[in-house]
Amino acid sequence: MLFNREHQFAGAVVVPFAFSDLGTGTFVPALNLPTHAVITGGLLVVTEVSNSSSTDTLAFGLTGAPTGFANNVNFKALAATALTVTGANVAMTGPSTLGITRTRAGTEGTTGKGVLVVQYVLAGRADFPHG
Amino acid sequence: MSIAQSQTQKVQAVVIPFDFRTLATEAAFQLARLVPNGALLLGGAITVSTAFDTGGTDELDFGTAADPDAYTSSPIDLTAPGTTALTGAAGVIFTGDTQVGLTRNYELTEADPEAEPPVEAGEPPTEGEGVIVLRYVLLNRGDGQYQ
């Protein structure tokens, strides 16, 4: 039966980060999501620009698809980039690790901060009934 | 240094219902909610569910006390039903408790009996309602581990 009276609160994981946390070319785990989690949205926000010497970008995704939810986000510009939440990766088919990968072409700087927000719901979860 | 975050939190929202009786008619910022320090805005929308039957101009801006139209790139027409996504809100981080609210641009049509055809004076609205939803999370908040 499809009908279900149960509703749930949307969840979010908020992950602040700094340039010194990320290195370059390395998948840095940011959060885990359980099986049946469904990502519904989110933001990758640069709150302080990187002053590294050349191009500097961020990506966000799963271990096996590290650019799946965001790619080529400029770490040298203040902006909020909405996560791309389409495709097969949105629903977690098993316990999943998601992380940020930074690609820094030049030498490291002394600034750069951001906040990652991932919104999700969980299939099978119920917080309160209605109807 | 790890950035891994194991805490999850509920997405919060301020929900601001309004109607033709609760909106002030003067063009001044009308405080609606206080959003806490550390809020990171995710976005939201303004929905006019019942059009205002105002005999003239009736528009709405939404923003902060310091920038009253911060989240409406152009004024919302209250005389037409519809939903408009907030603009400029996603990613904004409040660094202190912040007042958010509405500013109404309300002007009744003036009578002009000399016009062809003559224009009658506009009447105040007798109906009209809507709701604003602004979603946010809080930095450094954790409601618990994954459940």
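Chain A and chain B bury about 1900 Å² between them, 64% of it on carbon and sulfur atoms. Buried area here is the accessible area, taken with a 1.4 Å probe, that two parts lose on being put together, summed over both. This is a predicted model: local features need pLDDT of at least 70, side-chain atom pairs count only at pLDDT 80 or more, and totals for chains, interfaces and linings use all residues. Side-chain values use heavy atoms, with hydrogens and water left out, residues are numbered from 1 along each chain as its sequence is written, and chains are lettered from A and ligands numbered from 1 in the order in which they are written.

Now the interface. Chain A gives 29 residues to the contact and chain B gives 21 residues, where contact means heavy atoms within 4.5 Å. On the chain A side, the residues divide into 23 nonpolar, 4 polar and 2 charged. In that count Ala, Val, Leu, Ile, Met, Phe, Trp, Tyr, Cys and Pro are nonpolar, Asp, Glu, Lys and Arg are charged, and the others, Gly among them, are polar. The largest share of that side, 7 residues, comes from β2(A). Strands are DSSP runs of E, at least two residues, numbered from the N terminus.

β2(A) also pairs with strand β1 (residues 9–10) of chain B, in the antiparallel sense, over 2 bridges. Pairing requires that DSSP finds at least two bridges between the strands. Gly11(A) stands opposite Lys10(B) there.

How many salt bridges does the rule find across the interface of chain A and chain B? It finds 0. The rule asks for a side-chain nitrogen of Lys or Arg within 4 Å of a carboxyl oxygen of Asp or Glu. Over all chains the count comes to 7.

Next, some of those salt bridges. Arg104(A) and Glu108(A) meet at 3.6 Å, N to O. Arg104(A) counts as buried because its relative accessibility is 19%, and buried means under 20%, exposed over 50%, partly exposed in between, with a 1.4 Å probe and protein chains only. Glu108(A), at 35%, is partly exposed. In chain B, Arg21(B) bridges to Asp19(B), with the closest N and O atoms 3.5 Å apart. Arg21(B) is exposed at 62%, whereas Asp19(B) is buried at 14%. Shared partners join Asp56(A), Arg102(A), Arg104(A) and Glu108(A) into one network.

Last, chain B has an open sheet of 4 strands in the order β3-β8-β5-β6, with antiparallel pairing. Its edge strands are β3 (30–35) and β6 (76–77), each pairing on one side only.
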